[in-house]
Amino acid sequence: MAAPRLVRAPAPDATLVVRRAHVLDPNAGIDAPHDVVVRGGEIAEIAPPGEAAVPEGAEVVDGEGRHLFPGFVDPHVHLRTPGQEHKEDIETGTRAAAAGGYCAVVAMPNTDPVLDSAPLLNAVREQAERDARVPVGFMPAITRGLGGTELTEMQELRDAGAIGFTDDGKPVTSAGMLRRAMRYQKLCGGVIALHEEDPTLSAGGVMHEGAISARLGLAGYPSVGESTMVARDAALALDEGARTHFQHLSAWQSVEALAAARASGAPVSGEASPHHLLLTDEAVLGLDTRMKMNPPLRTERDRQAVIAGLRDGTIECIATDHAPHAAFEKDVPFEDAPMGTTGLETAFAAVYTGLVRPGVLTLELVVERLTAGARLMDLPVPAIRTGAPANLCLVDLEATWQVGESGYESRSENSCFAGRELNGRVLLTVAAGAVAYRERSFALSEVGR
Amino acid sequence: MPRHLLSIADLDRDGIERILARAGSFAEASGREIKKLPTLRGRRVLNLFYENSTRTRSSFEIAAKTLSADVTNFAASGSSVEKGESLKDTIQTLSAYDPAAIVIRHPHAGAAAMVSRWTPAAVVNAGDGKHEHPTQALLDVFTLTRRLGSLDGKRIWIVGDVEHSRVARSDILAFTTMGAHVTVCGPPTLIPRGIEALGCDVRFTLDELRDADVVYTLRMQKERMRDSYVPSLREYVANYQIDGRRLGPRQVLMHPGPVNRGVELSGDVVDSPQAVITAQVEAGVVVRMAVLYELLAGARATTPEPATPGPVLA
């Protein structure tokens, strides 16, 4: 008997009515103003604007001029529990997720100790049952200690609730070891998610190899260091029929390799991160350590290829790779700094401002890609449908806000978008039937009788 | 003049020429019997070296002392850095001593720029990782202009391990700013991809070296052999060593030091009349005097004190 894949802290079921919001749910095929009634944590009714009856004791939320989306699902976050709670923990990380409109997140295993055994998985799930503001799934390691040499007890981990497996932060360097994991997946199931990096090519690189790294005298990590591994592992996935997901694709060659693999019928999928969709290695010129992540920011050609891949469906979802680090860890010279940027609280607004408003991507496509992570992780896809659990976020697309140097729900402040003016503010998030986030200045217009 | 000297790109051509002119006047004065000038009397200069250095550290020290500044040297080894103190904490501690300038050498790119955000002192980058070494570039330009006059239209070849060289990066920028045409040359494994974006040409052989007015050789470190950047020292020497056969009689030969005799340079060319390697070392003192002067004394003369105190925020 397998454990549920997502866990969260107990929270009261929401009963509320969102009045006259523009409901946009590509999964349910809705794109029009409606009233949405949530009763006892479920979507009870979707009615023409202004016509829904207000259940007893319901809050009435004014959605006029605002958009109501299905809650977003992030298949790739770092919650840092256990062992690195000075960066983030399950409570602060899921608070950040809720503030970003997310109704579920999947946590990576590169913690201290590494999440690579069922007792550890049970322990973090118990903690999530106490602290998680939105449902959390866990993806334990493929190899013990992320060491790349011994498989974890994948079956026991699956029984204990593992979503899938990943050595994220590190590649599975040995093709033979990865093939073992893919064969064992036939027994236990669960997607295998891969951080693709050939360490003999990345070789200590701290940014993309190119004109900017040449100028700065920084060791470069070339694009082929990622794409050759995508091609290698796609070939293994095709041969084994193994469900495989490529994390945070950053290089145009990787997008081409993924497209070729999908054309050949390999059961592979991919994700793109907001920072790779919006920034290039030019952002590293000032040696701001918030611009240091793995994989690195690459060139405009790479950025355009990742956008095109997201648009044409080669890349099926947006994942933040939310990677919090404490200020003192990032306040060091670039080469010394840890890799990663936070992302949960800025993902929607950054992509909306940078790609939807200029007309590069449609709002509908972005909302779909922000929820598709659920399907790729074998989780139910949030949908605004009568009878479905309420997973919603209410967004004011016209609201502008400045990404701050501080003041996040996350414990860490290392956002690569700090200082930018963004459009699109999440006002309310309902996750698995409970209100998980309410924007502080957001006042209810009336309270139901 | 900017408040700090972090990158050679902080200076335009006028800024470089102004420092060279100042260095030139110091060079004239250095012939006098009493070399000290009172300019920086009572002001503190901290030399903070996170990497070993002989000539850069000592020339900054001599430069500051010649201007009558009080100089204190901090080396990372034997200090609180070895006890795990962060760069930021070290800088905030040292800033409490109210230095007028901090001269910093650090193994990582951007360290000097970070330091400049953490201290009210003027910061001079004395080498940050493989990124930049702006005072080396200034002394190289100073040495060359004394030998050749204007650098406009001069062809300068930089030969060797460009990948790992902060000197190469600062020199490419400084030489091109002064109107020269720069070509970098070395084994393809030691020429970073994309370096041409700095405005230089790239060659992998010395076949066209005869076109150069100046041959600037870089130090070839033995560990590059271990990491297979080049297959052997023998093959590197065969392809890239500047010797009497390759160096033309009218070409100027430069090297930032210390020289590996018999590797990047043959012994005979080091001592040849074309070599200005000793002149580079001499220029190091007057150019660093000029940098300290412009940052600490020159700026004061050009920035008037505000007539009234600024508003006090509640």
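Reader: How many helices and strands are there in chain B?
Author: In this predicted model, chain B has 10 helices and 9 strands.

Reader: What radius of gyration does chain B have, and what would a compact globule with 314 residues have?
Author: Chain B has 20 Å, which agrees with the value near 20 Å for a compact globule with 314 residues. Along the principal axes, the C-alpha atoms of chain B fill a box of roughly 65 × 45 × 40 Å.

Reader: And how many of the residues of chain B count as buried?
Author: Of the 314 residues, 46% count as buried. As for contacts in chain B between residues at least 6 apart in sequence, 72% join residues at least 24 apart.

Reader: Turning to the sheets, in what order do the 4 strands of the open sheet in chain B stand?
Author: The order is β2-β1-β3-β4 in chain B, and the pairing is parallel. The edge strands of this sheet are β2 (70-75) and β4 (122-128) of chain B, each of which pairs on one side only. From one strand to the next, the twist averages 15°.

Reader: Over how many bridges do β1 and β2 of chain B pair?
Author: Strand β1 (residues 44-49) of chain B pairs with β2(B) over 6 bridges, in the parallel sense. Within that pair of strands, B:F49 stands opposite B:A75 in β2(B).

Reader: What about the sheet of 5 strands in chain B: is the pairing parallel or antiparallel?
Author: The pairing is parallel, and this open sheet has the order β7-β6-β5-β8-β9 in chain B. Its twist averages 20° from one strand to the next.

Reader: Why is one side of β7 and of β9 in chain B left without a neighbour in the sheet?
Author: Strands β7 (201-203) and β9 (252-254) of chain B stand at the edges, and each has a single partner strand, so one side of each is left without a neighbour in the sheet. For β7(B), strand β6 (residues 181-185) of chain B runs parallel to it and is joined to it by 3 bridges. In β7(B), B:V202 is the bridge partner of B:V184.

Reader: Now the contact between the chains. How many residues does it take from each?
Author: It takes 21 residues from chain B and 17 residues from chain A. On the side of chain B that touches chain A, α3 (87-95), α4 (111-118) and α6 (166-177) of chain B each supply at least two residues. The largest share of that side, 3 residues, comes from α4(B).

Reader: How do the residues of that side of chain B divide into nonpolar, polar and charged?
Author: There are 9 nonpolar, 7 polar and 5 charged residues on the side of chain B that touches chain A.

Reader: Which domains does the assignment give for chain A?
Author: The domain assignment gives domain 1 (16-68 + 387-447) and domain 2 (70-376) of chain A. Their C-alpha centres lie 27 Å apart. The contact between them takes 33 residues from domain 1 of chain A and 45 residues from domain 2 of chain A.

Reader: Which element gives the most to the domain 1 side?
Author: On the side of domain 1 of chain A that touches domain 2 of chain A, β17(A) gives the most, with 8 residues. By class, that side has 18 nonpolar, 9 polar and 6 charged residues.

Definitions and conventions. Residues are numbered from 1 along each chain as its sequence is written. Chains are lettered from A and ligands numbered from 1 in the order in which they are written. This is a predicted model: local features need pLDDT of at least 70, side-chain atom pairs count only at pLDDT 80 or more; totals for chains, interfaces and linings use all residues. Two residues are in contact if their C-beta atoms, placed from the backbone, lie within 7 Å. Ala, Val, Leu, Ile, Met, Phe, Trp, Tyr, Cys and Pro count as nonpolar, Asp, Glu, Lys and Arg as charged, and the others, Gly among them, as polar. Two strands pair if DSSP finds at least two bridges between them. Axes are lines fitted to C-alpha atoms, for helices over the stretch in contact, and angles run from 0 to 180 degrees between N-to-C directions. Domain bounds come from an automatic or database domain assignment. The radius of gyration is taken over C-alpha atoms; the globule rule is 2.2 Å times the number of residues to the power 0.38. A residue is buried if 20 or more other C-beta atoms lie within 10 Å of its own, exposed if 12 or fewer, and partly exposed in between; C-beta atoms are placed from the backbone.
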